[in-house]
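This report describes selected parts of one protein structure. Please examine the sequence and the model shown below before reading on.

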Amino acid sequence: MPRFKKRSLAEPTLNYTQRGFRLRDGVLRLAGGIVVRPVWSRELPAVPSSVRVYRDSLGQWYCSFVVETQVHALPETGRVIGVDWGVKELATTTSDAHDLPHPEHGKSASAGLAKYQRMMSRRRPAQGRPGSKGYRHARRQAAKIQKKAALRRQDTGRKWAKQVVRDHDLLAVEDFRPKFLAKSTMARKAADAAIGATKRELIAMARKHGRNLRLVDPKHTTMDCAACGARTKHALPLSERTYTCTSCGAMSPRDKNSAAVMLVRAGLNPVGADGTRPGRPPDDQAA
Ligand SMILES: [Zn+2]
């Protein structure tokens with residue numbers, strides 16, 4: 001639910017449309033005589049229609065421009081891929097080369113984070129009193145660590161997404177809903193955040209390059225057989241890593257089976273996954 005935000009506590013943000021700003025020689029001039037010299041992360045691909053200047057929780061300022069998007073078409077590959085999200089392996093796919101192990105950015109940040117959170121609780125101000133200088137310092141350090149972990153998640157996700165999108169025309173992706181894992185332990189919460197960020201990057205990357213991405217309902221994907229479509233009577237316990245079909249006898253690693261089920265549900269043939277295209281002579285399967 002959206003929560004009421006106190007104006008005095010909200011971070012400042014300034015929005016300008018066409019007539020409110022001008023860009024010349026990399027210098028941004030805002031209405032009211034404000035001159036901003038941003039450090040450019042990359043060149044603008046087109047003339048921007050609006051700009052938002054804002055400050056984040058760490059006190060850093062950013063300019064975010066709105067530019068009409070262009071599709072950067074990539075060469076066709078004739079390959080399809082199914083993607084299943086998880087805790088141990090962040091993404092298991094129908095192609096072994098594109099599996100993504102959990103990068104555990106949250107875990108590597110947790111020691112430092114705990115240190116500053118302990119500091120915060122020691123220095124916590126009495127109710128109704130403003131925080132001390134030491135308290136604010138600790139809070140800022142904690143926020144910095146969290147932001148860094150989030151950026152690293154985004155970076156890992158983006159690099160992986162680029163690879164997946166470059167190598168496949170069609171993507172069948174589990175429509176993961178973050179609430180599934182959220183109710184359990186810390187490690188799973190971290191996985192939650194990482195899956196959310198990675199999925200977001202994959203969707204954005206597919207759109208950028210004009211690839212066909214289909215989101216698949218995750219219901220019962222661990223119970224279905226990718227080979228024959230039969231559903232087991234009971235959900236597999238998480239400890240069971242191998243899926244064995246009682247109808248057709250097919251056996252495969254549990255997450256690989258789920259990734260293949262994604263393909264089937266998206267209306268794609270899992271035989272075409274893993275670098276091969278169905279109905280083609282074998283000498284055409286190079287790469
Ligand atoms: Zn089966």
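In the predicted model, a set of residues in helix α1, namely H105, G106, S108, A109, G112, L113, Y116, Q117, M119 and M120, meets Y135, A138, R139, Q141, A142, I145, Q146, A149, R152, R153 and T156 of helix α2. Helix α1 covers residues 105-122 and helix α2 residues 133-167; the two pack at an angle of about 170°, and their axes lie 8 Å apart. Angles over 145 degrees count as roughly antiparallel, and α1 and α2 are therefore roughly antiparallel to each other.

## Strand β8 and its neighbours

Strand β8 is formed by residues 89-93. How is β8 joined to β7 and to β9? Three bridges link β8 to strand β7 (residues 80-85), and two bridges link β8 to strand β9 (residues 100-101). The table sets out the two pairings.

| Pair | Bridges | Direction | Residues between the strands |
|---|---|---|---|
| β7 and β8 | three | antiparallel | three, in a hairpin |
| β8 and β9 | two | antiparallel | six, in a hairpin |

Individual partners can also be named. V83 has T93 in β8 as its bridge partner, while A91 is partnered by L100 in β9.

Is strand β8 buried or exposed? Four of its five residues are buried, so β8 is largely enclosed by the rest of the structure. Here, buried means under 20% relative accessible area. As a general point, side chains in a regular strand alternate between the two faces of the sheet.

## Helix α5

Helix α5 runs from residue 254 to residue 265 and has twelve residues. From its first C-alpha to its last it reaches 17 Å, which is close to the 16 Å expected at 1.5 Å a residue.

This helix is mostly covered, with ten of its twelve residues buried. The buried residues of α5 are R254, D255, K256, N257, S258, A259, A260, V261, M262 and L263. What covers them? The elements include β7 and β8, together with β10 (170-174), β11 (212-216), β12 (242-244) and β13 (251-253). Strand β8, itself largely enclosed, is thus named among the elements that cover α5.

After α5 comes G267, whose phi is positive, near 80°.

Notes
Residues numbered from 1 in each chain as written. Predicted model: local features only at pLDDT ≥ 70, side-chain atom pairs only at ≥ 80, totals over all residues. Heavy atoms only, no water. Buried < 20%, exposed > 50% of the residue type's maximum accessible area, 1.4 Å probe, protein only. Pairing = 2+ DSSP bridges. Expected span 1.5 Å × (residues − 1). Contact = heavy atoms within 4.5 Å. Axes fitted to C-alpha atoms, helices over the stretch in contact; angles between N-to-C directions. Parallel < 35°, antiparallel > 145°, perpendicular 65-115°, else oblique.
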